[in-house]
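Here's a friendly walk through a protein model for anyone meeting it for the first time. Have a look at the sequence and the fold, then read on.

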Amino acid sequence: MGLYYKTNTIKTKKGMTTMLIHCSSCTNERAWHLIQSTNWFCLLVIPIFPTSSYKYIECPCCGKRIDINKRNKERIDRLFDKAIFGSVKVYYMHELL
Ligand SMILES: [Zn+2]
């Protein structure tokens, strides 16, 4: 009998954008969820240590997502700016890619 190990992905909701985003997939204009996805090395079903991690924002209606990378991080960060909460500006997905 050998040890049973595998990697599992655990997704954690870290917040929501304060800006509205127009989803090109479902056409809704909503605040999107910020999700952190972490891959864990697991022994049996117990997470032992993380092997990789990344963040993305996700449409709450259809699940369409935009990965956060070096190229768009600054633009995505602005979506969480509390100083301009309540702004009527709607961001389109192509502005964020
Ligand atoms: Zn959508």
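Strands pair, by the rule used here, if DSSP finds at least two bridges between them. As background, strands of a sheet pair through backbone hydrogen bonds, either parallel or antiparallel.

Before going further, two notes on how to read all this. Residues are numbered from 1 along each chain as its sequence is written. The model is predicted, so local features need pLDDT of at least 70 and side-chain atom pairs count only at pLDDT 80 or more, while totals for chains, interfaces and linings use all residues.

**The overall picture**

The protein has 2 helices and 7 strands, and from the N terminus on they follow the pattern β-β-β-β-β-β-α-β-α. The radius of gyration is 17 Å, well over the 13 Å that the globule rule gives for 97 residues, so the protein is more spread out than a compact globule. (That radius is taken over C-alpha atoms, and the rule is 2.2 Å times the number of residues to the power 0.38; helices are DSSP runs of H or I with at least four residues, strands are runs of E with at least two, and both are numbered from the N terminus.) Along its principal axes, the C-alpha trace spans about 60 × 25 × 20 Å.

How much of the chain is buried? Buried residues make up 7% of the 97 residues. Here a residue is buried if 20 or more other C-beta atoms, placed from the backbone, lie within 10 Å of its own, exposed if 12 or fewer, and partly exposed in between. Of the contacts between residues at least 6 apart in sequence, 55% join residues at least 24 apart; a contact means C-beta atoms, placed from the backbone, within 7 Å.

**The sheet with four strands**

β5 and β6 sit in an open sheet of 4 strands with the order β1-β4-β5-β6 and antiparallel pairing. Its edge strands are β1 (5-16) and β6, each pairing on one side only. Neighbouring strands are turned by 35 degrees against each other on average, direction ignored. (Such angles compare lines fitted to C-alpha atoms, for helices over the stretch in contact, and run from 0 to 180 degrees between N-to-C directions.)

| Strands | Bridges | A facing pair |
|---|---|---|
| β1 and β4 | 11 bridges | T12 and Q36 |
| β4 and β5 | 11 bridges | S37 and Y54 |

L44 counts as exposed, with 9 C-beta neighbours inside 10 Å. And β5 (residues 46-58) is hardly covered: the count of buried residues among its 13 residues is 1.

**The sheet with three strands**

There's also an open sheet of 3 strands, in the order β3-β2-β7 and with mixed pairing. Its edges are β3 (29-30) and β7 (90-92), each pairing on one side only. β2 (residues 20-22) and β3 run antiparallel and are joined by 2 bridges, and I21 has R30 in β3 as its bridge partner. In the loop between β2 and β3 you'll find T27. Its phi is near 65 degrees, a positive value in a residue other than glycine, and T27 counts as exposed with 9 C-beta neighbours inside 10 Å.

**The core, and a residue in a loop**

Which residues make up the largest nonpolar core? M19, I21, C23, W32, I57, C59 and I76 do, 7 residues in all. A nonpolar core is a set of buried Ala, Val, Leu, Ile, Met, Phe, Trp, Tyr and Cys residues joined through C-beta atoms within 7 Å. Leaving out residues up to four places away in sequence, W32 touches M16, T17, I21, I57, E58, C59 and P60.

Finally, look at I68, in the loop between β6 and α1 (73-77). I68 is partly exposed, with 19 other C-beta atoms within 10 Å. Not counting residues up to four places away in sequence, I68 touches K55, Y56, I57, K73 and I76. As for R30, I68 is 38 residues away from R30 in sequence and 18 Å away in space, C-alpha to C-alpha.

Terms used: Two residues are in contact if their C-beta atoms, placed from the backbone, lie within 7 Å.
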